[in-house]
Amino acid sequence: MTNEFVSFPGVSALVTGASRGLGRALAEQLGAAGARVVLVARAGQELERAAQTIQARGGEAHALPADVARKEDIYAIAGAAAALVGPIDLLVHNASSLGPTPLRLLLDTDCEDLQKVLDTNLLGPFRLSKAIGGSMALRKTGTILHVSSDASVSAYERWGAYSVSKAALDHLSRIWAAELRERGVRVLSVDPGEMATRMHEDALPDADPSTLAAPSDVAARILRLLADPRVETGSRVEAQKWSAL
Ligand SMILES: NC(=O)c1ccc[n+]([C@@H]2O[C@H](COP(=O)([O-])OP(=O)(O)OC[C@H]3O[C@@H](n4cnc5c(N)ncnc54)[C@H](OP(=O)(O)O)[C@@H]3O)[C@@H](O)[C@H]2O)c1
């Protein structure tokens with residue numbers, strides 16, 4: 001699937017978890033569609049390569065190594081991103097942690113491991129939305145996208161820590177949407193479905209990658225739904241089932 005009909009000219013976008021997998025595909029496609037993209041992840045070299053790929057294709061991209069789970073990094077991310085590309089129009093909360101693998105039953109899950117998953121998957125997005133959402137509300141424009149999972153609604157054994165973080169993220173998305181609706185900020189949650197990425201391999205190493213969606217195909221769908229004004233704020237969309245309304 002390609003995005004020849006979708007464009008984001010001059011849009012300032014911040015994508016977390018953009019060094020590989022779905023986040024990288026989203027950043028690459030946003031860059032190709034005219035957005036000015038800031039890419040965040042922890043591992044600097046992998047992230048730099050992702051940004052260089054976008055630049056080599058004529059897009060604007062900036063690598064910003066940071067850890068969304070670290071409270072101290074959040075205002076640094078928001079400040080640097082605004083300095084690089086201006087006020088953020090599109091904030092994509094994609095970075096995510098499974099917690100320890102092999103995945104564990106709840107009875108074997110340490111509270112500290114649950115805390116770390118929540119720090120990355122829930123508190124990081126909450127803090128970053130607080131740091132950037134105010135500017136969106138003042139300007140009465142902007143979109144915040146939370147990348148969720150089917151694990152937020154289905155109770156899969158051994159996916160406890162990750163699942164509760166994504167269930168909370170979905171509801172956080174709905175509440176942000178309710179509170180920012182009148183301020184012109186659109187807030188969405190998307191379940192990308194199963195994709196052939198490192199996270200999937202870490203969780204389910206025996207899965208056949210040929211049965212999984214390519215992150216680039218899912219990213220293309222997500223850009224289309226972002227570009228479709230009929231997808232209402234507060235929606236939770238399953239990307240692989242979504243087609244233009
Ligand atoms: N793959 C699937 O089948 C699937 C299914 C449902 C939902 N999802 C969701 O889709 C999203 C993308 O997943 P993916 O499969 O593309 O994962 P992935 O390939 O493992 O990529 C994860 C990205 O997040 C970054 N990251 C992780 N922790 C971070 C932190 N604390 N701070 C900053 N960046 C961090 C990673 O880079 P560093 O490690 O260098 O930081 C990497 O760029 C996630 O929200 C995931 O929950 C995936």
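Ala, Val, Leu, Ile, Met, Phe, Trp, Tyr, Cys and Pro are counted here as nonpolar, Asp, Glu, Lys and Arg as charged, and the others, Gly among them, as polar. By that scheme, the lining of the largest pocket in this predicted model is made up of 19 nonpolar, 15 polar and eleven charged residues.

The largest pocket is the place to begin. Its space comes to about 1100 Å³. A total of 45 residues line this pocket, and those closest to its centre are S96, S97, L98, T197 and M199. Four elements each supply at least two residues of the lining: helix 1, strand 2 (36–41), helix 5 and helix 6. Of the elements, helix 6 gives the most to this lining, with four residues.

The ligand sits in this largest pocket. Helix 1 (21–32), helix 5 (160–180) and helix 6 (198–203) are the elements that give two or more residues to the shell around the ligand. Helix 6 again gives the most, here with three residues. In total, 30 residues surround the ligand, and the closest are S19, R42, D67, Y162 and T197. The shell divides into 13 nonpolar, eleven polar and six charged residues.

Which side chains place an N or O atom by an oxygen atom of the ligand? T197 does, with an N or O atom of its side chain 2.5 Å from a ligand oxygen. The side chain of S96 also has an N or O atom 3.1 Å from an oxygen atom of the ligand. For R20, a polar side-chain atom lies 3.4 Å from a ligand oxygen. On its own, the ligand has 890 Å² of accessible area, and the protein covers 95% of it.

Rolling a probe the size of a water molecule over the atoms shows where empty space is left. The structure holds two cavities of 30 Å³ or more.

The largest cavity contains about 90 Å³ of space. Its lining consists of L98, G99, P100, L103, R104, T109, D113, R158, W159, G160, A161 and Y162. By class these are six nonpolar, three polar and three charged residues. Helix 5 gives the most to this lining, with three residues.

Two points of the backbone remain. Most residues other than glycine have a negative phi, and most peptide bonds are trans. The bond that joins T101 and P102 is a cis peptide bond, with omega at about -5 degrees. P102 is placed in the loop between strand 4 (90–93) and helix 4. K140, which is not a glycine, has a positive phi of about 55 degrees. K140 belongs to the loop between helix 4 and strand 5 (143–147).

Technical notes: Residues numbered from 1 in each chain as written. Predicted model: local features only at pLDDT ≥ 70, side-chain atom pairs only at ≥ 80, totals over all residues. Heavy atoms only, no water. Near = heavy atom within 4 Å. Polar contact = N/O pair within 3.5 Å; in protein donor to acceptor, adjacent residues only side chain to side chain. Areas by Shrake-Rupley, 256 points an atom, 1.4 Å probe, with all protein chains shown as cover. 1 Å grid on protein atoms, 1.4 Å probe; cavity = no way out; pocket = protein on both sides within 12 Å on 5 of 7 lines; lining within 4 Å. Sits in = over half its atoms within 2 Å of the grid points. Points joined across faces, edges and corners; volume = space filled by probe spheres on them.
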